[in-house]
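Subject: Structure handover and findings

Hello,

My notes on it follow below.

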Amino acid sequence: MKKLRVLSVFGTRPEAIKMIPLVRELARQEAFESLCAVTAQHRQMLDSVLDIFGLKPDYDLDIMESRQSLFTITAKALTGMEGVLAAAKPDLVLVHGDTSTTFVGALAAFYGKIPVGHVEAGLRTYDKYSPFPEEMNRCLVSRIAALHFCPTEANVENLRREGITQGVYQTGNTVIDALQTTVKEDYTFAESALRELDFEKKRVILVTCHRRENYGQPMEDILSALAEVAREFDDVELVYPVHLSPVVQEAAHRHLDGLPNVRLIPPVDVADMHNLMARCHLVLTDSGGLQEEAPSLGKPVLVLRRETERPEAVIAGTVKLAGVKKEDILAMTRELLTDEGAYAAMAHAANPYGDGTACRRIAAAIQEYFS
């Protein structure tokens, strides 16, 4: 029986974290030939994930350039994908989430008349400029895809409202699968600054802030709030792996340099990040993935954005939307640092993103589609 040739396409660190468990699951099953193509939209951060998981892509477009724009990412990736599809001749192309690589991978497959499977489908804010360009990327992929792998029932319902009812599967989120292999009780951090943390004496707050729609005044307010938290709570230590974007680097150092209980460190690999989350007290983030990962580890999350495409986490109580205004962020952070009941309610809420078997469900759905 001919194996189904499945080409997984991704280009950023978050995509890699969530797609590599699926690439491996397909490779384990006799029914599939599992291939992988990366655009390297984010070169350094992508490579750290590939190294941790020991995955060597079959195709690497290596498109990243200094101060790249959405225009250059899209054009270079689309041109490169033409050659990849001609060489790989896949039966199915899998893309993940909402990046420019996601959109380009789906569009290239459409041009080649190859079916597309969308992993982490159905997320919506219904504001095409927030998050930008992610909201429009995922909406466009939904129009192209033949298979839609939704983490939650809310994502399935979003697609149903848009008239998409065929090829839709609720699978859970593959990031929960990834956590099962990366988080270890006896883990030793690769980043030296993390090895110096005393998680017994300090309440460690993990911070990430990098999204494009937060550039400008929102980021100024967020970082000003973080500085105020650090000054107000001397038993707290803020750990901020700072994104490589020059915009983010400049703002982070301007607001937070010199504060003794703030550590600005380089971006960390996926194993360090997952194990830091497992040991920290609280997460403040504008990341999408951390909203899913941290609740599965029992960590409350304050989202540094105006809205979230993951409302099921808000409904479940594992996540609260803090917004981007300084006083709102301060008030919600103070509550979790001073009110044990409020903290416990979030820490013990049920994680809505599945049980760590999403990859197996996706593999079964692909086989069903082709049968």
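Strands β8 (residues 203–208) and β9 (residues 236–241) pair in the parallel sense over four bridges. Helices (H or I, at least four residues) and strands (E, at least two) are DSSP runs, numbered from the N terminus. Two strands pair if DSSP finds at least two bridges between them. Arg203 stands opposite Val236 in β9. Strand β8 is mostly covered, with five of its six residues buried. Buried means under 20% relative accessible area, exposed over 50%, and partly exposed in between (1.4 Å probe, protein chains only).

Some ground rules. This is a predicted model: local features need pLDDT of at least 70, side-chain atom pairs count only at pLDDT 80 or more, and totals for chains, interfaces and linings use all residues. Residues are numbered from 1 along each chain as its sequence is written, and side-chain values use heavy atoms, with hydrogens and water left out.

The seven-stranded sheet

An open sheet holds seven strands in the order β3-β2-β1-β4-β5-β6-β7, with parallel pairing. Its edge strands are β3 (59–60) and β7 (168–170), each pairing on one side only.

Look at β4 (residues 92–96). Five of its five residues are buried. Both faces are covered: Leu92, Leu94 and His96 lie on one side, Val93 and Val95 on the other. Strand β4 runs parallel to β1, and three bridges join the two. There, Leu7 has Val93 of β4 as its bridge partner. Strand β4 also pairs with β5 (residues 116–119), again in the parallel sense, over four bridges. Leu94 stands opposite Gly117 in β5. Val95 stands opposite His118 in β5.

Two helices lie across this sheet. Helix α3 (residues 70–88) lies across β1 (4–10), β2 (32–38), β3 and β4, and runs at about 160° to β1. Helix α5 (residues 134–144) lies across β4, β5 and β6 (147–150), at about 140° to β5. Axes are lines fitted to C-alpha atoms, for helices over the stretch in contact, and angles run from 0 to 180 degrees between N-to-C directions. Contact means heavy atoms within 4.5 Å.

Backbone points to check

Most residues other than glycine have a negative phi, and most peptide bonds are trans. The loop between β5 and α5 holds Tyr126, Pro131 and Pro133. A cis peptide bond joins Ser130 and Pro131, with omega about -5°. The bond from Phe132 to Pro133 is also cis, with omega near 0°. Tyr126 is not a glycine, yet has a positive phi of about 65°.

Arg67 is a further case, with a positive phi of about 50° although it is not a glycine. Arg67 sits in the loop between β3 and α3. Its relative accessibility is 68%, so Arg67 counts as exposed.

Thr308

Where does Thr308 lie? Thr308 is in the loop between β12 (301–303) and α13 (311–316). Its relative accessibility is 11%, so Thr308 counts as buried. Thr308 touches Arg124, Thr125, Gln291, Val314 and Leu321, not counting residues up to four places away in sequence. Thr308 and Ser130 are 178 residues apart in sequence and 9.1 Å apart in space, C-alpha to C-alpha.

A helix pair

Helix α14 (residues 326–338) and helix α15 (residues 340–347) pack at an angle of about 95°, with axes 5 Å apart. The two are therefore roughly perpendicular. Angles under 35 degrees count as roughly parallel, over 145 as roughly antiparallel, 65 to 115 as roughly perpendicular and the rest as oblique. The contact uses Glu335, Leu336 and Thr338 of α14, and Glu340, Ala342, Tyr343 and Met346 of α15. These residues divide into four nonpolar, one polar and two charged. Ala, Val, Leu, Ile, Met, Phe, Trp, Tyr, Cys and Pro count as nonpolar, Asp, Glu, Lys and Arg as charged, and the others, Gly among them, as polar.

Cys139 is in no disulfide, and its nearest cysteine sulfur, that of Cys150, is 13 Å away. For Cys359, the closest cysteine sulfur is in Cys36, 13 Å away, too far for a bond. Cys359 has 3% relative accessibility, so it counts as buried.

Best regards

Notes:
A disulfide is a pair of cysteine sulfur atoms within 2.5 Å.
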